[in-house]
Amino acid sequence: MANNTTGLTRIIKAAGYSWKGLRAAWKNEAAFRQEGVAVIIAILIACWLDVDPITRVLLIGSATMVMIVEILNSAIEAVVDRIGPEFHELSGRAKDMGSAAVLLSIILALVVWGTLLWQHLR
């Protein structure tokens with residue numbers, strides 16, 4: 001099905017779909033809510049710290065990236081669950097890989113925060 005909207009109308013519709021996706025993630029995904037609270041706290045801490053703008057952007061960006069990856073993981077899980085409840089090796093693999101991506105993004109965020117805070121506090 002072709003989408004014939006262009007220009008500002010397309011941008012407005014896309015923003016609406018994005019907002020709908022964020023609301024669905026918040027409503028249906030406990031991990032997204034938990035990470036959302038953690039990101040809000042991280043942003044407040046990053047804004048409170050006396051660091052240069054690049055460090056602040058890295059702190060906020062690395063925390064926000066975790067939520068981005070969580071949304072993608074949730075989308076993968078929703079599609080796999082939509083296909084059917086029966087076990088299939090490829091479905092399990094897709095869900096496991098999405099979960100691994102979330103784990104790696106969390107590890108990366110922790111490394112960024114640890115490294116930058118270590119540099120700031122020593």
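Tutor: Buried means under 20% relative accessible area, exposed means over 50%, and partly exposed is anything in between (1.4 Å probe, protein chains only). The model is predicted: local features need pLDDT of at least 70, side-chain atom pairs count only at pLDDT 80 or more, and totals for chains, interfaces and linings use all residues.

Student: Why is Ala30 called partly exposed?

Tutor: Its relative accessibility is 39%. That value falls between 20% and 50%, so Ala30 counts as partly exposed. Ala30 is in helix 2. Helices are DSSP runs of H or I with at least four residues, strands are runs of E with at least two, and both are numbered from the N terminus.

Student: What makes Gly92 buried?

Tutor: The relative accessible area of Gly92 is 18%. The cut-off is under 20%, so Gly92 is buried. Gly92 sits in helix 4, residues 89-121. Its C-alpha atom is separated by 27 Å from that of Ala63, 29 residues apart along the chain.

Student: Which residues make the nonpolar surface patch?

Tutor: Trp26, Val37, Ile41, Ile45 and Trp48 make the patch, which covers about 550 Å². Patch residues have over 30% relative accessible area and no salt bridge; nonpolar side chains (Val, Leu, Ile, Met, Phe, Trp, Tyr) are joined within 5 Å, like charges within 9 Å. The areas come from the Shrake-Rupley method with a 1.4 Å probe, and for residues only the protein chains shown count as cover. Take Trp26: at 41%, it is over the 30% limit. Trp26 belongs to helix 1, residues 7-28. Helix 2, residues 30-48, gives the largest share of the patch, four residues.

Student: What makes the pair of Trp26 and Phe32 edge-to-face?

Tutor: Two values settle it. A pair of aromatic rings is described by the distance of the centres and the angle of the planes. Rings of Phe, Tyr and Trp (its six-membered ring) pair if their centres lie within 6.5 Å; planes under 30 degrees apart are stacked, over 60 edge-to-face, and the rest tilted. The count by this rule is one aromatic pair. The centres of the Trp26 and Phe32 rings are 6.3 Å apart and their planes stand at 85 degrees, so the pair is edge-to-face.

Student: Is Phe32 buried or exposed?

Tutor: Phe32 has 5% relative accessibility, so it counts as buried.

Student: How many salt bridges does a search of the whole structure find?

Tutor: The search finds two. A salt bridge needs a side-chain nitrogen of Lys or Arg within 4 Å of a carboxyl oxygen of Asp or Glu. The closest N and O atoms of Asp81 and Lys95 are 2.6 Å apart, so this pair qualifies. Asp81 lies in helix 3 and Lys95 in helix 4, so the bridge ties together parts that are 14 residues apart in sequence. Asp81, at 47%, is partly exposed. Lys95, at 26%, is partly exposed too.

Student: Why do Glu89 and Arg93 form a salt bridge by this rule?

Tutor: Their closest N and O atoms are 2.9 Å apart, so they fall within 4 Å. Glu89 and Arg93 are four residues apart in helix 4, which means a separation of about one helical turn. Glu89 is exposed at 53%, whereas Arg93 is partly exposed at 38%.

Student: What does UniProt list for Glu70?

Tutor: An unreviewed UniProt entry lists Glu70 for "active site". UniProt positions follow the numbering used here, feature names are shortened, and annotations may be inferred rather than shown by experiment. In the model, Glu70 lies in helix 3, residues 53-83. Its relative accessible area is 5%, so Glu70 is buried.

Student: Which residues does Glu70 touch?

Tutor: Contact means heavy atoms within 4.5 Å. Not counting residues up to four places away in sequence, Glu70 touches Ala31, Phe32, Glu35 and Val102.

Student: What makes Asn73 buried?

Tutor: Asn73 has 6% relative accessibility, so it is under the 20% limit. Asn73 is also in helix 3. Leaving aside neighbours within four places in sequence, its contacts are Lys95, Gly98, Ser99 and Val102.

Student: Which residues does UniProt list for "transmembrane region"?

Tutor: The unreviewed entry gives residues 30-51, 57-80 and 101-121. In the model, residues 30-51 are 86% helix and 0% strand, with end C-alpha atoms 32 Å apart. Residues 101-121 are 100% helix and 0% strand, with end C-alpha atoms 30 Å apart.

Conventions:
Residues are numbered from 1 along each chain as its sequence is written. Side-chain values use heavy atoms; hydrogens and water are left out.
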